[in-house]
Amino acid sequence: MTIGKKLGDRALQSHDEHSASDHHDHHDHADHHDAIHSEHASHGGHGDHGGHGGHAGHVAHFRRLFWIMTVIAIPVVACSAMFAQLIGYSLPDNPIITWVSPILGTLMYFWGGRPFLSGGVEEIKNRQPGMMLLIALAITVAFASSWLSTLSIISGDLDFWWELALLIVIMLLGHWIEMRSLAQTSSALDSLAALLPDEAERVVDGEIEKVAPADLQVDDEVLVRPGGSVPADGDIIDGSSSMDESMVTGESTTVSKSAGDHVVAGTISTDSSIRVRITAVGDDTTLAGINKLVEDAQESSSRTQRLADRAAAWLFWYALGAAILTAIVWFAIGRPDSAVVRTITVLVIACPHALGLAIPLVVSIATERAARHGILIKDRLALETMRKVNAVLFDKTGTLTAGQPQVLDVEAVGEQSADTVLAWAAAAEMESEHPLAKAIVSAAQDRNVTIPDASDHSSQPAVGVSATIDAHTVEVGGPALLDSHGRSAVEATDQWSKDGAIVLHVLSDGEVVGAIKLGDEVRPESRKAIEDLHASGTEVVMITGDAEAVAHKVADELNIDRVFAGVRPEDKASQVEKLQHEGKTVAMVGDGVNDAPALAQADVGVAIGAGTDVAIGSAGVILASDDPRGVLAVRTLSRATYRKMKQNLWWAAGYNLISVPLAAGVLAPIGFVMPMSVGALLMSASTVIVALNAQTLRKVDLGAADY
């Protein structure tokens, strides 16, 4: 099964689960976007874009609408009597000038304000008042009061045409920024799809035919030329090349691949031609899986987002209650004109659009940054929780270590050389599929040792393998093999066993001729990851099913704080729970089926991308590469993301909480009443500040992610 298939399948399942559980929590924000998308579609833009291009269409629509409204807003504002008085210039006494603001302002209300009006209607229908309804209420109150003032139906400084124009322009600017950010996030997905070649060269009966990648089938043979992209996942059947896999793993260095190695769609053959037999196409490819995962990350909800949605709803009732109270108080003290002005002012400046941008914009940018560095955020809550992690629990095999045994040493006995012992062992193991057998054969090949021909291969479970080489019976196995022949272990192997290594003996015609030391090599990048975690005050724990000696050898080499060794798969989750009971916020990093319960139990589950589909399905964060340093990058991003969320929420909500009472006139007894113009300008500024503050997340140095 390909990584893409694993990621895709689990992402689909995750999406279904999130869709069911978060339906109501999504409502406010989803309706907000549905209204916008509906508005965009009505203008004919949506149908011109497929897939992620829809976001690009929204960007183009709001950019166009923003600039059109900006151009119209200039005469509306310039010809507004209140604005002229505020700035300090006089308008010509001309009836044409008088009607410029009302006519163009009406055009802006119905055209530029349409996304917010339709969004407000949707919130009323769903009985979930919130952000869009408050925006719609603000521009509607400004529109109605301005017409009433223009027609002299009511008295007072209620000519808010200039403010209506600025409200609409600022709101459209905010939406443009938001949509552009979402489009940039989606462009990270689009860039993955763009890595696929426009054409694939399929080999049929020795002839090359050019076809679209979508037309390829499993078992097709394709030619990938130097500098070309692999059109679909497959295995190399001829040739070797240095492959650029940065789009999947985040690694900048190329990876050598040769016959038998797996390659994924979108990776680039940098220096040689290779022939690839296709093993997965379409939705089963790695690219499709990554696309789906990042899409789900964009759609997934989080506690902070739900808090922002609830805050918008609370703000609606807060503003409405404040407006009603304002009207009652000012009427009670005999100031009906002031009651109308103050009430309208409260409703206009309480617009919470900055609050609406505060969270989704930040998370959207964070998800994009992560995807570009080979970190796939499947659950936004995991991203938020990662900042609080103070204990990281690593699975040993395949996470801190390479997960593949390697020959570390060879000890010969008597007249035989180490190379001869290794050659005989490789010959005996040649037909075995056991990982230890593959390690021995690979070591012999790497050392350019000539492997002799062997026959009569056989194996005995828990004992070893045997074969005939030049009329001699050569056997390779563990302690049970020595016991069966009544032989003693090679002296050097005592220390090997203490070091936690795997020891195999090689016998010829029943006599011991040597021993081979094998072990799981520690990843070089594991040291850096653990050093950085220690430097940040994080406890590092290792968990493994291996014996104590093996586990402590790795732990000592990496300076790991605590070790849980000999842990059965079903007990790994209880070890995570044990750490949690100690008050730790735990991130579990693993890659196997036996890690799945622990990944699910942990506060944050981090799966190595090359792991099993079960592990991937149990984790909230997936590292597309096998590099454990990605954990540091996730935490760096989590902390930066939370910091930006907090800044934006405080700015957006804090502005409203303070400005609404001032607009209502709570300081009127001491002679201060916030002018409508000042409140509106501050409100507009808060929206822009929130959007720009979110953009600064793009400059955060992810450190370990930039390896």
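Here are legends for a handful of close-up views of this predicted model.

View 1. Back at Met108, skip the neighbours within four places in sequence and you find contacts with Met69, Ile72, Ala73, Val76, Gly113, Ala165, Ile168 and Val169.

**View 2. Trp99 and Trp147, a tilted pair.** Seven aromatic pairs turn up in the model. In this one the ring centres are 6.1 Å apart and the planes meet at 45°, so the pair counts as tilted. Trp99 sits in helix α5 (residues 95-111) and Trp147 in helix α7 (residues 131-150), so the pair ties together parts 48 residues apart in sequence. Both Trp residues are partly exposed: Trp99 has a relative accessible area of 37%, and Trp147 comes in at 23%.

**View 3. Phe143 and Trp161, edge-to-face.** Here the rings are 5.9 Å apart, centre to centre, with 80° between their planes. Phe143 belongs to helix α7 and Trp161 to helix α8, so this pair links parts of the chain 18 residues apart. Phe143 is buried, at 14% relative accessibility, and Trp161 is buried too, at 1%. Zoom out a bit and ring pairs join Trp99, Tyr109, Phe110, Phe143, Trp147 and Trp161 into a cluster.

**View 4. His505, a buried histidine in a strand.** His505 is part of strand β16 (residues 502-508). A polar atom of the His505 side chain lies 3.0 Å from the backbone nitrogen of Val490. Leaving out residues up to four places away in sequence, His505 touches Glu475, Val476, Gly477, Leu481, Leu482, Ala489, Val490, Thr493, Val512, Gly514 and Ala515.

**View 5. Helix α26 and what comes after it.** Helix α26 (residues 630-664) runs for 35 residues. From first C-alpha to last it reaches 51 Å, close to the 51 Å expected at 1.5 Å a residue. Next comes Gly665, with a positive phi near 100°.

**View 6. Arg387 over the ring of Tyr642.** The charged end of Arg387 sits 3.4 Å from the centre of the Tyr642 ring.

Key:
Residues are numbered from 1 along each chain as its sequence is written. This is a predicted model: local features need pLDDT of at least 70, side-chain atom pairs count only at pLDDT 80 or more; totals for chains, interfaces and linings use all residues. Side-chain values use heavy atoms; hydrogens and water are left out. Contact means heavy atoms within 4.5 Å. Helices (H or I, at least four residues) and strands (E, at least two) are DSSP runs, numbered from the N terminus. The expected span of a helix is 1.5 Å times one less than its number of residues. Buried means under 20% relative accessible area, exposed over 50%, partly exposed in between (1.4 Å probe, protein chains only). A polar contact is a pair of N or O atoms within 3.5 Å; within protein, one must be able to donate a hydrogen and the other to accept it, and residues adjacent in sequence count only if both atoms are side-chain atoms. Rings of Phe, Tyr and Trp (its six-membered ring) pair if their centres lie within 6.5 Å; planes under 30 degrees apart count as stacked, over 60 as edge-to-face and the rest as tilted. A charge sits over a ring if NZ of Lys or CZ of Arg is within 6 Å of the ring centre and within 35 degrees of the ring normal.
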